[in-house]
Amino acid sequence: MNKAKKLLITGSNGLIGSEMVRYFHDLGWKIHGMDNNMRADFFGPQGDTRWNQQRLTTELAGFEHHELDLRDRAGVLELVRTVRPDAVIHCAAVVSVLASIDSPVGTVRINVEGAVNLFEAMLACDVRRAIHISSEETYGEFRAPVVDEDHPLAPVMFYGVTKVAGELIADYYAK
């Protein structure tokens, strides 16, 4: 009997994260989702993602939700140490250009410090596979149907700057 591979998905209640949960669950992975419903803090009741968390928990057998803030370094380390995922998909982030303008320090703490916390935990626990989800905002004013990985990063908004920082952090830890 083959044991299912374990996948940790940060930001699992969000749009991209929840789709990743469903996709990899359907491929047979054991999914551990991590989210703390931060959208509700930024956007109020209309930003609440608990409905999506409940949907995943109800519809996907074996999906396990972990209530955790990415800024909690010790908590992130403990989660990675306990779950021992075979891979991580990092979707958690401040997801709003406007929110980043209203709270630049909070945006750095989540998008940058949170990425460091996650990748440090992965390094400490010898987890070597990750996908880091970023944003088109890293390319600034440039908009085209196709942008390849060689396109220069040129963010024009603070949000994009923090997403570029997250990409650079992911690249650093990958090396």
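Visitor: Which residues gather in a patch of negative charge on the surface?
Guide: D148, E149, D150 and D171 do. A patch is made of residues with over 30% relative accessible area and no salt bridge, like charges being joined within 9 Å and nonpolar side chains (Val, Leu, Ile, Met, Phe, Trp, Tyr) within 5 Å. Asp and Glu count as negative, Lys and Arg as positive, while His and the chain ends are not counted. A charge is placed at NZ of Lys, CZ of Arg, CG of Asp or CD of Glu. Accessible areas come from the Shrake-Rupley method with a 1.4 Å probe, and for residues only the protein chains shown count as cover.

Visitor: Before going on, what sort of model is this?
Guide: This is a predicted model: local features need pLDDT of at least 70, side-chain atom pairs count only at pLDDT 80 or more, and totals for chains, interfaces and linings use all residues. Residues are numbered from 1 along each chain as its sequence is written, and side-chain values use heavy atoms, with hydrogens and water left out.

Visitor: Where is D150 found?
Guide: D150 is in the loop between β5 (130-132) and α7 (158-174). Helices (H or I, at least four residues) and strands (E, at least two) are DSSP runs, numbered from the N terminus. D150 has a relative accessible area of 69%, so it is exposed; the term means over 50%, buried means under 20%, and partly exposed is in between (1.4 Å probe, protein chains only).

Visitor: Which residues make the nonpolar surface patch?
Guide: L98, I101, V156 and M157, over about 360 Å². M157 lies in the loop between β5 and α7 and is partly exposed at 30%.

Visitor: How many salt bridges does the count come to?
Guide: Eight, a salt bridge being a side-chain nitrogen of Lys or Arg within 4 Å of a carboxyl oxygen of Asp or Glu. One of them joins E67 and R50, with the closest N and O atoms 2.8 Å apart. That pair links distant parts of the chain, E67 in strand β3 (residues 64-67) and R50 in helix α3 (residues 50-59), 17 residues apart.

Visitor: And where do E78 and R81 lie?
Guide: Both are in helix α4 (residues 73-83), three residues apart, about one turn of the helix.
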